[in-house]
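My notes follow in the order of the look-ups.

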Amino acid sequence: MKKILFAASEGVPFIKTGGLADVVGSLPKCIDKEYFDVRVILPKYTCMKQEMKDKLEYVTHFYMDFNWTDAYVGVLKAEVDGIQYYFIDNEGYFGGFKPYGDNALFEIEKYAFFSKAVLSVLPILDFRPDLIHCHDWQTGLVPVYLKERFQGNDFFRGIKSVITIHNLKFQGKWDPKVVQNITGLPQYYFTPDKLEAYKDANLLKGGIVFADAVTTVSDTYAEEIKTKFYGEGLEGLLKARSGDLRGIVNGIDYEEFNPETDKYIVKPYNAVNFRKEKAKNKRALQEELGLRVDEKKMMIGVVSRLTDQKGFDLIAYVMDELCQDDIQLVVLGTGEERYENMFRHFDWKYSDKVSANIFYSEELSHKIYASCDAFLMPSLFEPCGLSQLMSLRYGTVPIVRETGGLKDTVQPYNEYEGTGTGFSFANYNAHEMLAAVRYAEQIYYDKKREWNKIVDRAMAADFSWEVSAKKYQEMYDWLIGY
């Protein structure tokens, strides 16, 4: 039995701010239990929901030498869906009303503490993983500490590590002297071939340098991050490690996102009956949001953080033109104020066509996936993207830019071959995006049978976690090597 420990800063069902939590919550459940014992370790945030806190059981506590003091490390555990979870407790670090704060230096100290505690707790738990699977910069120091101070101990010798980059933009950077002081790592580690990058200490870089393998969340993104445009300053290192770098596309939980059993939607449907039943969800959503009720009108959905990365500058540029078309647009999400206000403005200007919902709601997101005809994702870069996978699952045709995971998961419609699961455009250009949207409108209104065949193919695509889990298992086998 091969033992794997996932270390991450968030994970469903305990704490979630983004797609990382979905991966950490869903992937372990799909790894083959016959060959792998997969467990997860997370911080115990005080802002976790009470019902989740009630599941936690105290294991032990100890004191660990960290940042020139003896720091308290509490250890708790819980079992959910057959997966064993462990939690590191320290209210000084994991208190507060949300998991992540705005003080960058404190975040670095907090996750340096977490990384060291993850390793320190293993002998006490009597769980010796063959491999530790780290996620994003918050656990970037785990491979570093593993190679530095824990190698001398027989218990840790030979433990492998992998780091998965979910979004290269976030790296955990600060002044090297300060980080050296906090982490207790020797100065030897703060050089350009190790943790130092452009005069900063960089925790993600540490993870990439010292991990035995590096993965990211789609094949295309794995190629893109070796280039200057996408590489965020680490493209040289990623190119150097390209032999150990692979892309494995994320999946989604096909039980949670299932139009046949979804508790949030008015009318369940499936790949066989969507032609009749899906539109009933559209009518219900039009009523709920105060849009004109007309099931024949093409409805386009957007569920996203409203930021530049997600391509909202393109949408803003052609929004007036788009609103002249015979469509409705439903937006859900929060983010940069200018985009929030832009959508509010168009909601006011075209109240029967545009619905701006500037908040986040799990329930409304499911209704949008189930009700809309198309889903717009014009991202500047997108490591993997989960929204397009959810929209495919619900037969809502994605319109995407060909980047990262969007390029890997959405096959562009080809009217001559009768293939494709969505529409795409290549260049980051507002009118190219608008042309893709208008092409989709043309097929929707003038070639309805063709449109329905695109929906058939979209709903038949398989992006469940089972597919990705097999690729992770191959990598674990390759690294552990027995």
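I started with strand S10 (residues 200-202), which is joined to S8 by two bridges and runs antiparallel to S8. Strands here are DSSP E runs of at least two residues, helices are H or I runs of at least four, and both are numbered from the N terminus. I count two strands as paired if DSSP finds at least two bridges between them. Trp-174 stands opposite Ala-201 in S10.

For the record, this is a predicted model, in which local features need pLDDT of at least 70 and side-chain atom pairs count only at pLDDT 80 or more, while totals for chains, interfaces and linings use all residues. Residues are numbered from 1 along each chain as its sequence is written, and side-chain values use heavy atoms, with hydrogens and water left out.

Next I checked the sheet around S10: three strands form an open sheet in the order S8-S10-S9, with antiparallel pairing. Strand S8 (173-174) and strand S9 (196-197) are at the edges with a single partner strand each, so one side of each has no neighbour in the sheet.

I then went to the hairpins. Strand S3 (residues 57-66) pairs with strand S4 (residues 69-80) in the antiparallel sense over nine bridges, and Glu-57 stands opposite Lys-77 in S4. Two residues lie between S3 and S4, and Asn-67 in this hairpin has a positive phi near 50°. S4 also pairs with strand S5 (residues 83-89), antiparallel over seven bridges; Leu-76 has Phe-87 in S5 as its bridge partner. This hairpin too has two residues between the strands, and Asp-81 takes a positive phi near 50°.

Which angle do H17 and H18 make? I noted about 115° between helix H17 (residues 430-446) and helix H18 (residues 448-460), with axes 5 Å apart. Axes are lines fitted to C-alpha atoms, for helices over the stretch in contact, and angles run from 0 to 180 degrees between N-to-C directions. In H17, Ala-440, Ile-443, Tyr-444 and Asp-446 meet Lys-448, Glu-450, Trp-451 and Ile-454 in H18, contact meaning heavy atoms within 4.5 Å.

Last, I looked up the second largest pocket, which holds about 340 Å³ of space. A pocket is an open set of points on a 1 Å grid over the protein atoms alone, where a 1.4 Å probe fits, with protein on both sides within 12 Å along at least five of seven lines; lining residues have an atom within 4 Å of a point. The volume is the space filled by probe spheres set on the points, which are joined across faces, edges and corners. H11 gives the most to this lining, with five residues.
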